[in-house]
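Good morning, and thank you for coming. Please look at the model on the screen while I speak.

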Amino acid sequence: MSSRAELKQKAKNLLDGKKGKGALMTFLYYLMPFLFAFIPFVGPVVNIICMPVLTYGLLKALIDLKNGEEVGAFDFFTKGFKDFGKVWGVSICTALKMWGPLLLGIVGYILMTIGVFSSMASSQIESSSSICLIIGWVAAMVSGIWAIPITWKYMYSMNELAYDSSRNSMDIVNTSGSYLIGNRWKAFVLDLSFIGWFFLVGITLGLITFWLLPYILVTKILFYEELSGRNEDPLAEPETIKTEE
């Protein structure tokens, strides 16, 4: 397994001479939701439906770009919508893996809401309101902590879909999760290692994001390829696949 520094350097090398195209695609990717928002009445719904598809399309386009293939500025749009059904299938299956923390989080926020409204309706904070607030806050905190390892286990589901869309959605999600068995901490630290860059996002009023996002995503693509055994031939099937524990 390559070190984080080696993965990042390889990503920079692969994007050498292609940064402009990557930045243009990223700019258009961020522009789409802004344009969708102007659709009367249904703009927010369109964004909810389309953003997972566009995000997947950007991933697919960057895979092709780093592999040296010809990529158009709007390819992320066409590549995403080509697999529209699969993207939502994988998204739903990934969400099902998160049902525990999601349910606990919903319960926590409901309890906190009840506690807040109860205290507002009364001239003084009653013990029942305080209990609801405390239990709700604890539930929300536990939900967030519980979600962290699950999130990093299945966060590469879209990568797996990008390389093999022939299987059913749950199989894709399970396979992506199997690669992260014993590797979640590495994935987490890799993501954490980019945190310094985000200070520059604020300093540049967000403009650096158009160059930064392709660099981050290509680095993560390379990490995924090593986990899945696709680092030698990105289009080849991995020789071995771990079974879900």
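This is a predicted model: local features need pLDDT of at least 70, side-chain atom pairs count only at pLDDT 80 or more; totals for chains, interfaces and linings use all residues.

Residues are numbered from 1 along each chain as its sequence is written, and side-chain values use heavy atoms, with hydrogens and water left out.

Two packed helices are described by the angle between their axes and the distance between the axes. Helix 10 (residues 184–192) packs with helix 12 (residues 209–228) at an angle of about 165 degrees, and their axes are 11 Å apart. Helices here are DSSP runs of H or I with at least four residues, numbered from the N terminus. The angle makes helix 10 roughly antiparallel to helix 12, a term for angles over 145 degrees. The contact (heavy atoms within 4.5 Å) involves Lys186, Ala187, Leu190 and Asp191 of helix 10, together with Thr219, Lys220 and Phe223 of helix 12.

Now to the rings. Across the whole structure, a search finds 15 aromatic pairs, meaning rings of Phe, Tyr and Trp (its six-membered ring) with centres within 6.5 Å. Phe34 and Phe38 form an edge-to-face pair, 5.1 Å centre to centre with 80 degrees between the planes; edge-to-face means planes over 60 degrees apart. Phe38 is exposed, at a relative accessible area of 60%, where exposed means over 50% with a 1.4 Å probe, protein chains only.

Finally, Phe27, Tyr29, Tyr30, Phe76 and Phe210 form one aromatic cluster.

Key: Axes are lines fitted to C-alpha atoms, for helices over the stretch in contact, and angles run from 0 to 180 degrees between N-to-C directions. Helices (H or I, at least four residues) and strands (E, at least two) are DSSP runs, numbered from the N terminus. Angles under 35 degrees count as roughly parallel, over 145 as roughly antiparallel, 65 to 115 as roughly perpendicular and the rest as oblique. Rings of Phe, Tyr and Trp (its six-membered ring) pair if their centres lie within 6.5 Å; planes under 30 degrees apart count as stacked, over 60 as edge-to-face and the rest as tilted. Buried means under 20% relative accessible area, exposed over 50%, partly exposed in between (1.4 Å probe, protein chains only).
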